[in-house]
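Have a go at each task before reading its solution.

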Amino acid sequence: MSVAAHGETIAAVSNYIFPNDLHVHWSLMIVLYPYITGLVAGAFIVSSLYHVFHIKSLKPVARFSLLFALAFLICATWPLLNHLGRPERALSMMLTPNPTSAMAGFGYIYSAYFIVLLLEIIFIFRPVVVALGQKATGGMKALYSVLAIGSDNVSAKAMKLDHKIIAFLAAIGIPMACFLHGYVGFIFGGIKANPLWATPLMPLIFLLSACVSGIAGIIVTYILIMKVSGKEIDVECVQTLIKFLWGFFILDFTFEMLELFSHFYMATHHWHTLDALYSGPLFNTFWVAQVGIFSVIPFFLLMFMSLIRFKDGLLLFFAPIVSIMILLQVLLMRWNVVIGGQLMSKSERGATTFHPMWLEKEGILPAIIIMVAPVVILWLIGKILPFWMDDDGIEAA
Amino acid sequence: MKEIVDIVDIKKEIKKDRRAFIKNVLSGTIAGSLLMVIPAGAALDQRLPEQLPGMRGNDSPFTEKKFAFIVDVTACIGCGSCCVADKNEYNVPDGNYRTWVERYIIDDHDEVFVDSPNGGLDGYTKPRKDIPNPVRDTFFVPKLCNMCEKPSCVQVCPVGATYKTEDGFILVDKKRCVGCGYCIQACPYSVRFLNPVSRTAEKCTWCYHRVREGLLPACVNVCPTHARKFGDLNDKKSEVYKILREPHVISVLKPDMGNQPALHYLGLRREVV
Amino acid sequence: MEKKYKSAYYSHVIKIALILIIGGVLAVWARGLFLPDTMGQYGHYRGSDLEDQRNVEVRNHTNESCYECHRPIRLVHKAGVHKTVSCEFCHGPYADHITDGKYVAKMPVKRDMEIKTLCLRCHNEIIRARPEESIKVVAMPLHLEEKKVNVEHNCNQCHMVHDPLLWVKAAYDMMGLEMKGDKK
């Protein structure tokens with residue numbers, strides 16, 4: 001055995017972990033939480049690209065992505081409630097939010113965003129809701145009446161007012177979506193005790209990966225629903241989504257790698273712990289899966305799909321595949337950040353292990369249930385608010 | 001009714017002459033059963049010596065003291081008395097540690113080996129067999145809450161369940177903690193855990209309840225080698241004040257975290273994290 | 001041709017604004033209702049928790065508490081080299097023995113080889129991290145061989161557990177010898 005260099009004394013790994021660090025406190029539920037809020041923020045951005053930035057080709061998915069965002073937003077708190085040791089006290093976060101806590105703002109930011117999203121949906125869907133309400137009977141009629149806020153006025157004057165409000169809501173919705181998710185990144189990024197989390201880039205990486213996952217989620221569900229229901233897919237819309245997906249993914253992947261490279265290059269004493277982590281317990285989930293398979297392959301696929309005009313059939317074949325890969329990339333990134341960060345003991349001398357169980361409270365089965373729930377909710381919403389009908393379509397229907 | 005009269009009588013007796021009273025009880029002059037009706041608080045105060053002056057009977061919410069905890073690494077023998085006392089004081093669930101003792105072994109190739117089997121609760125009875133080179137130095141390091149001047153846990157607690165008192169104690173309100181675990185992530189020293197019974201965050205309090213009764217923290221009280229020291233820095237005559245004033249090798253853990261712990265280590269080596 | 005509507009063109013906006021205002025007022029009211037009484041009394045926490053914290057049960061007492069009743073042990077233990085060893089370390093916490101001033105249970109007493117295990121927990125030379133100034137360590141069974149006693153002997157056959165040197169000193173005195181390292 002060679003004589004260790006002087007500086008390595010402290011880093012010498014004897015695999016000692018602090019006795020309280022054996023247990024990974026934030027497990028699958030906290031992996032899902034930023035994943036779900038990310039999907040919400042990303043889907044909202046898609047809708048805003050149409051409603052605020054007037055990317056006309058995104059019109060087919062503009063309304064759907066709002067409902068997609070709502071379905072996932074409804075479930076965003078579920079993993080948190082399942083995770084809390086004392087879920088019955090959850091509202092204390094809103095009752096007595098600690099102004100210095102990064103986590104305390106979530107209740108308020110979530111609620112405010114929920115209200116803005118709900119209002120935007122109510123205003124955008126109002127003409128459709130009014131038209132459907134006139135045809136509906138019984139319970140559904142009452143429901144549509146509530147959704148139309150008891151008003152049947154869809155006159156040009158009313159529509160003009162509504163459009164002003166929609167533009168305003170969408171405009172404040174973008175910074176709020178960014179804030180919601182950048183803020184989720186800060187919950188991790190603000191923890192100085194954890195060298196994997198403590199970086200000012202964390203909110204940015206979380207935000208960009210959120211946009212990426214939201215766009216990918218919209219592509220997958222759009223193509224899937226259209227295929228299943230036998231409707232025609234708007235290829236130009238998918239092409240545009242793919243271009244945005246590539247754009248956001250370039251930024252996302254670049255910053256993820258830059259963050260790691262900066263740590264490596266500066267090589268502070270933290271790097272020794274991070275290095276041991278990335279080359280040890282995280283090697284497969286980070287280097288092989290997240291970077292190797294689910295970043296590099298989609299990166300080039302997206303590049304070809306954006307730069308070369310694919311035949312429609314080929315585009316519609318690759319679009320869902322690349323989107324699913326991106327969705328998995330983001331899920332892996334959440335895993336590697338949330339779980340990976342906790343594997344390192346604060347002793348800086350070793351790592352613990354984490355193996356999720358199927359049936360425990362925060363296990364794999366509850367995680368699957370929580371991920372399936374928004375899809376079911378989305379399907380239920382689809383029974384009330386039509387995904388693909390726009391104002392022009394009301395007369396035709 | 002008779003019982004109440006008895007209690008009053010007993011209290012009077014105790015006040016009159018405690019020593020004689022207990023002597024009488026022991027010699028059987030007063031029926032042994034009478035002793036059994038002394039209410040808890042009164043019995044506690046009478047029997048325990050006051051280890052920290054001026055604390056007992058002080059009902060103000062905060063004391064005027066500035067407490068400091070000093071661990072003398074050069075004196076610790078790794079017996080684990082402190083860990084045993086701590087577990088007994090709080091019935092800490094197995095696998096969680098409010099305090100623990102680490103064993104450091106540095107070999108002559110500068111390799112550092114650390115372990116803390118069951119947090120040192122069972123003591124160190126076996127030598128490590130996996131040290132490849134001759135051992136240069138070996139020592140024990142007790143760990144506990146650092147009672148930071150700038151506590152990360154208080155900063156991140158979303159509901160104000162973890163707080164810092166004006167006299168420097170960082171405490172956890174069991175009735176308000178939501179069990180989110182954020183403080184556990186934020187603490188650079190990993191002194192916190194989620195109590196599996198109460199499902200709330202828990203950590204060492206420097207035995208706040210004992211200190212307010214004028215008693216030393218349980219671990220300090222039982223330490224046979226006086227490796228754990230506790231006292232008031234405002235008291236110029238206190239041992240902790242003298243140690244911090246004199247030119248010893250004194251440090252805190254992870255000083256670059258900026259938490260400014262009130263837990264100091266005497267004779268701390270740089271290998272200790 | 002302008003269609004006739006039942007509602008005014010702005011009615012839904014007014015209703016939403018009203019719902020938001022009423023919801024906000026209700027939330028503020030509910031917050032006041034559920035806010036803990038002493039929240040913010042001294043800072044951003046429940047002030048009455050200080051009282052709760054003070055009421056945590058003191059389960060470990062001091063050796064003095066034990067001496068109150070166990071007089072003979074007091075004389076031995078307080079005078080000996082083990083005077084800094086806590087009674088409760090070997091026998092368990094006071095509160096398991098006496099609660100609310102009442103005798104509740106017998107304290108465990110270590111017997112036979114448990115005693116040897118307990119002694120060696122601290123006095124074992126093989127664990128090297130033991131400062132000389134703090135403790136005298138021995139190697140087993142070397143110590144027994146050196147002292148020319150049966151290697152099967154238990155520690156407490158020579159060392160009284162509450163004052164390990166009591167009998168040893170007495171033996172030296174009887175023989176008119178001086179103990180090694182004895183300053184007297």
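Before the first exercise, a convention: axes are lines fitted to C-alpha atoms, for helices over the stretch in contact, and angles run from 0 to 180 degrees between N-to-C directions. Helices (H or I, at least four residues) and strands (E, at least two) are DSSP runs, numbered from the N terminus. Everything here concerns a predicted model, in which local features need pLDDT of at least 70, side-chain atom pairs count only at pLDDT 80 or more, and totals for chains, interfaces and linings use all residues. Residues are numbered from 1 along each chain as its sequence is written, while chains are lettered from A and ligands numbered from 1 in the order in which they are written.

**Exercise 1. Describe how H1(A) and H2(A) cross.**

Step 1: two packed helices are described by the angle between their axes and the distance between the axes.

Step 2: take helix H1 (residues 28-51) and helix H2 (residues 59-75) of chain A; their axes come within 8 Å and cross at roughly 155 degrees.

Step 3: classify the angle. Under 35 degrees counts as roughly parallel, over 145 as roughly antiparallel, 65 to 115 as roughly perpendicular and the rest as oblique. H1(A) and H2(A) are therefore roughly antiparallel to each other.

Step 4: A crossing is left-handed if the near helix is turned anticlockwise from the far one by less than a right angle, and right-handed if clockwise; that of H1(A) and H2(A) is left-handed.

Step 5: look at who meets whom, with contact defined as C-beta atoms, placed from the backbone, within 7 Å. The H1(A) side includes Ile36(A), Leu39(A), Phe44(A) and Tyr50(A), and the H2(A) side includes Val61(A), Leu66(A), Phe68(A) and Phe72(A). By class, this contact has 15 nonpolar, 3 polar and 1 charged residues. Here Ala, Val, Leu, Ile, Met, Phe, Trp, Tyr, Cys and Pro count as nonpolar, Asp, Glu, Lys and Arg as charged, and the others, Gly among them, as polar.

**Exercise 2. What are the overall dimensions of chain A and chain C?**

Step 1: begin with chain A, which has 14 helices and 0 strands. Its radius of gyration is 23 Å, close to the 21 Å that the globule rule gives for 397 residues, so chain A is as compact as a globular protein of that length. The radius is taken over C-alpha atoms, and the rule is 2.2 Å times the number of residues to the power 0.38. Along its principal axes, the C-alpha trace of chain A spans about 85 × 55 × 35 Å.

Step 2: turn to chain C, with 8 helices and 2 strands, in the order α-α-α-α-α-β-β-α-α-α from the N terminus. Its radius of gyration is 35 Å, whereas a compact globule of 184 residues would have one near 16 Å. The C-alpha trace of chain C spans about 125 × 40 × 30 Å along its principal axes.

Step 3: check the domains of chain C, namely domain 1 (10-41), domain 2 (58-109) and domain 3 (110-178). The centres of domain 1 and domain 2 of chain C are 58 Å apart.

**Exercise 3. Which partners does chain C touch, and with how many residues?**

Step 1: with chain A, the contact takes 15 residues from chain A and 17 residues from chain C. Helix H7 (residues 156-189) of chain A supplies the largest share of the chain A side, 4 residues.

Step 2: with chain B, 50 residues of chain B are in contact with 41 residues of chain C. The largest share of the chain B side, 5 residues, comes from H5(B). That side has 28 nonpolar, 13 polar and 9 charged residues.

**Exercise 4. Where do the backbone angles of Pro141(C) and Ala267(A) deserve a look?**

Step 1: most residues other than glycine have a negative phi, and most peptide bonds are trans.

Step 2: the peptide bond from Met140(C) to Pro141(C) is cis, with omega near 5 degrees. Pro141(C) sits in the loop between helix H6 (113-123) and helix H7 (142-146) of chain C.

Step 3: Ala267(A) has a positive phi, near 45 degrees, and lies in the loop between helix H9 (235-266) and helix H10 (269-279) of chain A.

Methods:
Contact = placed C-beta atoms within 7 Å. Domains from an automatic or database assignment.
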